[in-house]
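Please keep the sequence and the structure in view while reading.

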Amino acid sequence: MSAGRPPAAADSPLNVPPTFASTYTAGGDLEYGRFGNPTWSAFEEALGALEGGTCRVFASGLAATAAVLDQVPTGGTVVVLEHGYLGTHTQLARLEERGLLRRVLVDALDPEAILAAAAGASLVWIESPTNPALEVVDIAAISRAAHAAGALMVVDNTFATPILQQPLDLGADVVVHSATKFIAGHSDVVMGAVVSRDEQLLARVTAYRSIQGATPGPMEVFLALRGLRTLALRVERAQSNAQQLVERLTGNVALADIRYPGFGAIVSLVLPDAATADRFVASVRLARHATSLGSVETTLERRRRWPGEAPTIPEGLVRVSVGIEHVDDLFDDLCSALGSTLDGAVGGAGGGAGSGAPY
Ligand SMILES: Cc1ncc(COP(=O)(O)O)c(C=O)c1O
């Protein structure tokens, strides 16, 4: 993919460098660092090409989320799946507390309920697969129902990435990304993005970005664009690892359940209870006990360690973000950590919550 590269010319760099500028000589399109940046434009061209729309970068996935939720008219109804990223639910709850919108929570596994709720909505917010339950919903059918109601259809495509799923082609109006995850892919960047084909909406979220100051640093965008160049390879390898691990771990006596939608690199392993799951995450050696996901390294965490995670998520559910390590090494690591939960051995750091923030 050449999108986002400078035009080929003798001695031109192959990649757009990070431009560190808070201001620009007057008279052009950029003017000031909060309004635009050449490194942003290169990333936006590349992710826009992958999602099939026009992209705007944001300071984080949650900054992108806030820009999109700002489009809801005062008192409007937002339909959202019960299982979804905790930070998105927290933003919605705070807006509801202030009387700015009404939330309707629906079960991802009840398509009739989603379609019925969409009929009265101003905005429908979908994650598919959902975080961390890994349920999959029919984006095309929900988009049709949302549009029939005149609602904006938004898909958080962080888990699937544009390599596996292109929501705008399925009928969605807006795609949101935590570029922190698979897109940047190396656990060294916090960044977000909005992609859409709706010019008026893009103008509004761009104005939101400028005026709320929801802007990413040029170095972050440079690193995310570098990550984006290997997204397809990383997703291919991580997905293949995940599929093999699910196959090999099926029937493991330490596990109560394995949740995997059949695609992507996120697998939820369900252990019998919180204490056993905490012993498991404390016993891995190659994988790392850490929040977040979508990186080259395998990370895992018990999601209910965060206060505020949906009570319908099992206490013993450990979300594993499978990386690109050798699958045999990963299998050995997970197997031996699962085995240690059976004989009660504990190693490494404990599994308690960190700051208590809604990660
Ligand atoms: C599905 C999903 N959406 C959005 C976010 C928020 O992104 P960020 O942490 O970049 O603000 C996250 C973060 O974990 C996420 O998992």
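Across which strands does helix H2 lie? Helix H2 (residues 61–69) lies across E1, strand E4 (123–127), strand E5 (152–156), strand E6 (174–178) and E7, and runs at about 155° to E6.

## Basis of the description

The structure is a predicted model, in which local features need pLDDT of at least 70 and side-chain atom pairs count only at pLDDT 80 or more, while totals for chains, interfaces and linings use all residues. Residues are numbered from 1 along each chain as its sequence is written, and side-chain values use heavy atoms, with hydrogens and water left out.

Helices (H or I, at least four residues) and strands (E, at least two) are DSSP runs, numbered from the N terminus. Contact means heavy atoms within 4.5 Å. Axes are lines fitted to C-alpha atoms, for helices over the stretch in contact, and angles run from 0 to 180 degrees between N-to-C directions.

## The sheet of seven strands

An open sheet of 7 strands has the order E1-E7-E6-E5-E4-E2-E3, and its pairing is mixed. Two strands pair if DSSP finds at least two bridges between them. E1 and strand E3 (101–106) are the edge strands, each of which pairs on one side only. From one strand to the next, the twist averages 20°.

E1 and strand E7 (residues 192–196) run antiparallel and are joined by 5 bridges. Within this sheet, Val 57 stands opposite Ala 193 in E7. Helix H5 (residues 139–148) also packs on the sheet, where it touches E4 and E5, and its direction makes about 150° with that of E5.

## The sheet of five strands

Another open sheet has 5 strands in the order E8-E9-E12-E11-E10, again with mixed pairing. Its edge strands, each pairing on one side only, are strand E8 (257–259) and strand E10 (288–289). Strand E11 (residues 299–302) pairs with strand E12 (residues 317–321) in the antiparallel sense over 4 bridges, and Arg 319 in E12 is the bridge partner of Glu 301. Helix H10 (residues 274–283) packs on this sheet and touches strand E9 (266–270), E10, E11 and E12; the direction of H10 makes about 160° with that of E11.

E9 runs antiparallel to E8, with 3 bridges, and antiparallel to E12, with 5 bridges. Leu 269 in E9 is the bridge partner of Ile 258, whereas Ile 266 stands opposite Ser 321 in E12. The hairpin of E8 and E9 has 6 residues between the strands, and there Gly 262 takes a positive phi near 100°.

## Buried elements

Buried means under 20% relative accessible area, exposed over 50%, and partly exposed in between (1.4 Å probe, protein chains only). Because 5 of the 5 residues of E9 are buried, E9 is largely enclosed by the rest of the structure. In a regular strand the side chains alternate between the two faces of the sheet. In E9 both faces are covered: Ile 266, Ser 268 and Val 270 are buried on one side, and Val 267 and Leu 269 on the other.

Helix H8 (residues 218–228) has 8 of its 11 residues buried, so H8 is largely enclosed by the rest of the structure. Among these buried residues are Val 221, Phe 222 and Leu 225. Their cover includes helix H1 (38–51), strand E1 (54–58) and H9.

## The crossing of H9 and H11

Helix H9 (residues 231–249) and helix H11 (residues 327–343) have axes that come within 10 Å and cross at roughly 40°. H9 and H11 are therefore oblique to each other; angles under 35 degrees count as roughly parallel, over 145 as roughly antiparallel, 65 to 115 as roughly perpendicular and the rest as oblique. In their contact, Asn 241, Gln 244, Leu 245, Arg 248 and Leu 249 in H9 meet residues of H11 including Val 327, Phe 331 and Leu 338.

## Two residues compared

Is Val 205 buried or exposed? Val 205 is found in helix H7 (residues 199–212) and is buried, with a relative accessible area of 0%. Val 205 touches Phe 58, Ala 67, Gln 71 and Val 194, not counting residues up to four places away in sequence.

Glu 247, by contrast, is found in helix H9 and is exposed, with a relative accessible area of 65%. The C-alpha atoms of Glu 247 and Val 57 are separated by 37 Å, and these residues are 190 residues apart along the chain.
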